[in-house]
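Subject: Structure handover and notes

Dear colleague,

I would be glad if you read them side by side.

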Amino acid sequence: MHFPLFTQIEQAREVLEQTSAAAPAEPVIETISIWQLIVDGGWYIMGPLGLMSLIAIYLIIERAMAIRRALKEDKDFMNKIRDYVHEGKIDSARNLCAQTSSPVARMLDKGLSRVGKPLKDIEVSIENAGKLEIYQLEKGLPVLATISGAAPMIGFLGTVIGMIVTFHTMKISGAGVEIAQLSGGIMQAMVTTVAGLVIGIIAYVAYNTLTARVNKVIQKMEATTIAFMDVLESPAK
């Protein structure tokens with residue numbers, strides 16, 4: 001004896017099983033890690049690029065902090081120097097310069113040490129001290145400029161090597177070459193290109209930014225030199 005209700009339930013169960021069997025499988029999302037990208041790029045290309053990136057990061061942070069300290073200014077510093085010079089307190093002025101750690105202070109201290117000599121000699125000594133300070137401020141920037149140009153070139157070298165590997169694989173495989181056989185060389189070409197360009201662009205932007213800030217310090221030093229020479233000339237007026 002058959003019951004219609006049981007028959008319908010059995011049919012519904014079969015339909016559900018068929019639907020579940022026919023349902024497409026959910027796509028599997030594959031991700032790639034940074035380490036895998038480095039491995040795909042090849043150690044002989046990614047190694048130098050990694051070293052360049054570390055050097056660039058160090059130089060950017062170290063130079064940015066040094067230039068920031070150089071730009072830090074006490075607005076009353078020059079007024080105090082002027083007052084000390086007018087009062088003849090050269091030692092007090094030099095002590096103030098010694099307590100102020102900045103290129104401007106070190107430059108003026110050199111000029112104060114020459115007070116009593118011809119103004120031309122004082123100006124020359126200040127200029128020489130200023131050149132040393134500029135050299136210290138620009139230290140490391142040529143290395144950063146070299147990285148900005150060399151990193152993309154090393155990346156392109158990896159691109160060429162990757163394409164050579166790809167074409168060599170196609171050559172030895174004949175007509176039966178598969179995509180999987182070519183993916184290694186193509187992946188190396190793309191990864192090294194991107195890595196070289198990223199490092200080069202960051203280094204290039206940082207170099208120009210830091211150079212602009214060094215020029216700002218130089219302008220400040222020149223303006224301070226002119227003001228200091230006016231202070232030395234004013235008592236004779």
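Is Arg106 buried, partly exposed or exposed? At 39% relative accessibility, Arg106 counts as partly exposed, where buried means under 20% relative accessible area, exposed means over 50%, and partly exposed lies in between (1.4 Å probe, protein chains only).

Before going further, please note that this is a predicted model, in which local features need pLDDT of at least 70 and side-chain atom pairs count only at pLDDT 80 or more, while totals for chains, interfaces and linings use all residues. Residues are numbered from 1 along each chain as its sequence is written, and side-chain values use heavy atoms, with hydrogens and water left out.

Salt bridges

With a salt bridge taken as a side-chain nitrogen of Lys or Arg within 4 Å of a carboxyl oxygen of Asp or Glu, the count comes to 4. One of them joins Arg106 to Glu133 at 2.8 Å, N to O. Because Glu133 lies in helix α7 (residues 119–137) and Arg106 in helix α6 (residues 103–112), this pair ties together parts that are 27 residues apart in sequence; helices here are DSSP runs (H or I, at least four residues), numbered from the N terminus. Glu133 itself counts as buried, at 11% relative accessibility.

Another salt bridge links Arg63 and Glu62 at 2.7 Å, N to O; Arg63 is buried, with a relative accessible area of 4%, whereas Glu62 is partly exposed, at 25%. A further one is formed by Lys89 and Glu87 at 3.4 Å, N to O, where Lys89 is partly exposed at 41% and Glu87 is exposed at 51%.

Not counting residues up to four places away in sequence, Ala195 touches Met46 and Leu49, a contact being heavy atoms within 4.5 Å. Ala195 and Ala151 are 44 residues apart in sequence, yet their C-alpha atoms are 8.2 Å apart in space.

Methods
Helices (H or I, at least four residues) and strands (E, at least two) are DSSP runs, numbered from the N terminus.
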